[in-house]
Amino acid sequence: MQRFSVRNCVKKKREEARSVAEQTSTANAWPANPADLIPQGRKRLGWSLLAVASLALLAIIVVQILYKTEMSTVGFDTWRPVIYAYILWGAALGAWQVLTRGEDGQRALFLLPALLFTIAMVIFPTLFGFYIALTDWNLSSFAGRRFNGLDNFWQMLADPYYRNALFNMVLYVLAVLVEYVIAFGLALLLNAQISARKFFRVVFLLPLMLSPVAVSWMVGKSLMEYRFGPAATLARHLGWDNPAFFSDPITARISIMMLDAWTFIPFMMIMLLAGLQAMSREVLEAARVDGATAWQTFWQVTFPLMLPVSVTAVILRIIFKLKLADIIITLTSGGPGGATDSVSSFIYREYRDRSNVGYGTMLAMAYLIIIVVFVTWLLKVASRFVRNVN
Amino acid sequence: MSVQTTDYTVSEIRSPAAFITSRVFIYGALVFWAFVCLFPIYWTITTSFKSAVDVTQGHLIPFVDFTPDWKGWRSLGLSPDSIFQTSTVRDEFLKRFMNSVITSVGASALAIIIGSLAAYGLVRYRYKFAWFRNEDISFFFLSQLILPPVVLALPFLVLYREVALLDTRIGLVLLYTLMVLPIVIWIMRDQFNSIPVELEEAALVDGLSIWGAFFRIVMPIALPGMVAAFILAMVLCWNEYFFAALLTSTDAKTIPVMVASQTGSQGINWWSMAALATAAIAPLAIIGIALERYLIMGMTAGSVK
């Protein structure tokens, strides 16, 4: 059962007001403890509402299960009524909170929609995903799904392409450090005393707004086109005879990294710029008074002060990087020979080209566990790092 | 170090030559990066006015290198001479465009509504849900950010088929809401934290209910933050490709999916591709330029204290 306790200054203040009110009139007084003074009838109404809604939800689920397993003939074609029943149940839950717990219930109402939504959209599909991961489900085979235990898992361990995709993710994540350096440089430039600062800020921000798919077509496939693309022409002028950006594994990886960096550098740049602008002028002034050069000021004052913001920016960027997929899917489909595959794009093709739902889900779930462990570790290390330096 | 008398013009003590060098360097770097940011956009827009020869010869400057032509836009049915004629491509494009608008606006709005409520509750009240307290609930919401789309995609593919939400806009709206909800909660928590609690106290003493205080006092103050969160959510939803590519086929296809599926049998028609890409990026580019302040506000929420 839920129990919400309120410890808040708002509450305290209000209770003072209440006790005054209670002394003057008892009939219309605000109750000191709302739960005690709610009429029994109202509580009973709340409970029965919740009971009816829960029973209805359960009944619909049971009817559907019986119908779908062909044990009964009554039921709906799709599971959609279950969603409606869940929404109604959520509404009943909210009403129950308000009816039985008064003001505390009204407070719970703030949180309930988001909580019910997220639980329904994440917990259930993830659990379902773990189940699919243990089946040999292939959409193109007629057999349907069969539970096959850990077979997918063993297959995954032996899959060189998956290992390769994971290795690529390591490289892509490391590329974030280069992006960070560039973003920091740009933030410093924007923070310098320049005219037309707003113009440059807007221009630098633009790539973030552009759809990665449109970017990978117009930049990756057209601008960097081998024969006529201006980027290739420029590369030829600079002395690279054979500017094929996507044909050998290493160049292809670097090209993908560059494209992804291009769209996401503004994100880090803006965070770092905000950090720079929040820094107190006095500290920098003091460093200059002490005779520090610009270089010393940066390394010994600006950079350490910027560490917390930097760490936030880099971690957020890494989290986004771990989802990298659209550019690779549209631009190289993982090629040449899987060299540019990210885990997401690899799984995408596992489903799209081979309809391997069971195996693909196992790969996705393994990836989820890996990145949860990785991000947790990263957050720990980062918080310790920031604490040690400051 | 010798004792000097210093004043606030230390930076100008440096030699004029060094000052000019640093200016040249700063502006050089700024212009260079502005070029890096703008050239691809320039290339996209100009390519939509090129004919096949101009594309393959890499012509760059309109009126000098090549004569602009409405070719790309005509193929979309959006050029001046074809806009009043019937065009199946245009109908298709407008349908995709509307799908994108509806899904991204719908998802952002839904996320703002439930996300703001949750953020407000988490900032102002103490909850205890079984053994979960406020910090745990916040962490639960924010941790959704690391969930990669690929983990949810395949289960949702199966579940959506069961509930008949596959290839519907509602289905996409729900998923996009889930995708942007952590970001909205992150931004709005920061917003509500910056509102002094005394305002609500006063409202409550004056007899407003909790929800009345929220809607009449807190909401108007937090509106800029909501706009910021809304725009950031819009950007993410509008550009989303992964879910849209997997979960839609005919009815609910969005613009990025349409862009990605533009390979014809005789290779790619760059002019029409460029026109389509321009149309796909234009709305957000305009929003980004016009509402840049809010966008920056959203991105920097919570990172600087």
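Me: At what angle do helix H9 and helix H11 of chain A pack, and how far apart are their axes?

Reply: H9 (residues 249-278) and H11 (residues 294-321) of chain A pack at about 160 degrees, with axes 9 Å apart. An axis is a line fitted to C-alpha atoms over the stretch in contact, and the angle, from 0 to 180 degrees, is taken between N-to-C directions. This is a predicted model: local features need pLDDT of at least 70, side-chain atom pairs need 80 or more, and totals for chains, interfaces and linings use all residues. Residues are numbered from 1 along each chain as its sequence is written, while chains are lettered from A and ligands numbered from 1 in the order written.

Me: What name does that angle give the pair H9(A) and H11(A), and why?

Reply: Use the cut-offs: under 35 degrees is roughly parallel, over 145 roughly antiparallel, 65 to 115 roughly perpendicular, and the rest oblique. The angle is about 160 degrees. So H9(A) is roughly antiparallel to H11(A). H9(A) also passes H11(A) in a right-handed crossing.

Me: Which residues make the contact between H9(A) and H11(A)?

Reply: Among them are A:Phe264, A:Phe267 and A:Met268 of H9(A), and A:Met306, A:Val309 and A:Arg317 of H11(A). Two residues are in contact if their C-beta atoms, placed from the backbone, lie within 7 Å. By class, there are 10 nonpolar, 3 polar and 1 charged residues. Nonpolar means Ala, Val, Leu, Ile, Met, Phe, Trp, Tyr, Cys and Pro; charged means Asp, Glu, Lys and Arg; the others, Gly among them, are polar.

Me: What makes H5(A) oblique to H11(A)?

Reply: H5 (residues 160-191) of chain A packs with H11(A) at about 140 degrees, with axes 10 Å apart. That angle makes H5(A) oblique to H11(A). Here too the crossing is right-handed. In H5(A), A:Tyr172, A:Val173, A:Val176, A:Glu179 and A:Tyr180 meet A:Val314, A:Arg317, A:Ile318 and A:Lys321 in H11(A). This contact has 6 nonpolar, no polar and 3 charged residues.

Me: What counts as a helix?

Reply: A helix is a DSSP run of H or I, at least four residues, and a strand is a run of E, at least two; both are numbered from the N terminus.

Me: How many residues of chain A and chain B are in contact?

Reply: 91 residues of chain A are in contact with 88 of chain B. H3 (residues 80-133) of chain A gives the most to chain A's side, with 18 residues. That side divides into 61 nonpolar, 19 polar and 11 charged residues.

Me: What are the domains of chain A, and how far apart are their centres?

Reply: Domain 1 of chain A is 35-133 and domain 2 is 156-389. Such bounds come from an automatic or database domain assignment. The C-alpha centres lie 42 Å apart.

Me: Where in chain B is the pLDDT below 50?

Reply: Chain B averages a pLDDT of 85, and 92% of its residues score at least 70. Over residues 1-12 of chain B, though, the pLDDT is below 50. pLDDT is the predictor's confidence in each residue, from 0 to 100. Where it is low, the predicted coordinates should not be read in detail.

Key: A crossing is left-handed if the near helix is turned anticlockwise from the far one by less than a right angle, and right-handed if clockwise.
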